[in-house]
Amino acid sequence: MPIYNKLVRDRIPKIIQKTGKNLKTEVLDNESYITELKKKLNEEVAEYQESDGNKEALEELADILELIHALSSIHNGSIKEVEQIREKKKTERGGFDDKIFLLEVED
């Protein structure tokens, strides 16, 4: 039996059970959950970086966004709050729309 030891989406166990396979899961405590969310975020970012084409990139970005929703909740916030912080930072410091690449700053 393959061993995965990784955080999965909520419906994955039922999807696996429907195939007739047995599985073993556990519910994580908050500390372990945060650790696993961070691992999963790194995994999804790596998959985004390796994506080929717009469709695959958007799929990976959707996975990243789902993780951001979960992380904002576990940190006693909401995606709305994260969006408000993002908007404030964009107003104060700008976004990345102008594609500016800083080469150097003289001391």
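Colleague: Why does V8 count as partly exposed?
Modeller: V8 has a relative accessibility of 38%. Buried means under 20% relative accessible area, exposed means over 50%, and partly exposed lies in between (1.4 Å probe, protein chains only). So V8 counts as partly exposed at 38%.

Colleague: What kind of model is this?
Modeller: This is a predicted model, where local features need pLDDT of at least 70, side-chain atom pairs count only at pLDDT 80 or more, and totals for chains, interfaces and linings use all residues. Residues are numbered from 1 along each chain as its sequence is written, and side-chain values use heavy atoms, with hydrogens and water left out.

Colleague: Where is V8 found?
Modeller: V8 sits in the segment before α1, and α1 covers 12-18. Helices here are DSSP runs (H or I, at least four residues), numbered from the N terminus.

Colleague: What makes up the largest nonpolar core?
Modeller: Seven residues: L7, I34, L37, L67, A70, L71 and I74. Such a core is a set of buried Ala, Val, Leu, Ile, Met, Phe, Trp, Tyr and Cys residues joined through side-chain atoms within 4.5 Å. The most come from α3, with four. In general, nonpolar side chains tend to be buried together in soluble globular proteins.

Colleague: Which residues does A70 touch, not counting residues up to four places away in sequence?
Modeller: A70 touches Y33 and L37. Contact means heavy atoms within 4.5 Å.

Colleague: What do the buried residues of α3 pack against?
Modeller: They pack against α2 and α4. Among these buried residues are A57, E60, D63 and S72.

Colleague: How do you know that the span of α3 agrees with its number of residues?
Modeller: The expected span of a helix is 1.5 Å times one less than its number of residues. For the 21 residues of α3 that gives 30 Å, and the end C-alpha atoms are 30 Å apart, so the two agree. Helix α4 (residues 79-93) has 15 residues, which should span 21 Å; its end C-alpha atoms are 20 Å apart, which agrees.

Colleague: Why are E43 and K6 called a salt bridge?
Modeller: A salt bridge needs a side-chain nitrogen of Lys or Arg within 4 Å of a carboxyl oxygen of Asp or Glu. E43 and K6 meet at 3.9 Å, N to O, so the pair qualifies. It links distant parts of the chain: E43 is in helix α2, K6 is in the segment before α1, and they are 37 residues apart.

Colleague: Is E43 buried, exposed or partly exposed?
Modeller: E43 has 26% relative accessibility, so E43 counts as partly exposed. K6, at 42%, is partly exposed too.

Colleague: What is the N to O distance in the salt bridge of E43 and K40?
Modeller: The distance is 3.3 Å. E43 and K40 are three residues apart in helix α2, so about one helical turn separates them. K40 has a relative accessible area of 15%, so K40 is buried.

Colleague: How far apart are the closest N and O atoms of E83 and R86?
Modeller: They are 2.6 Å apart, in a salt bridge. Both residues lie in helix α4, three residues apart. Salt bridges that share partners also join K6, K40 and E43 into one network. The whole structure has seven salt bridges.

Colleague: What stands out about the phi of N76?
Modeller: Phi is positive, about 60°, although N76 is not a glycine. Most residues other than glycine have a negative phi. N76 lies in the loop between α3 and α4.

How values were computed
Helix = DSSP H or I, 4+ residues; strand = E, 2+ residues; numbered from the N terminus.
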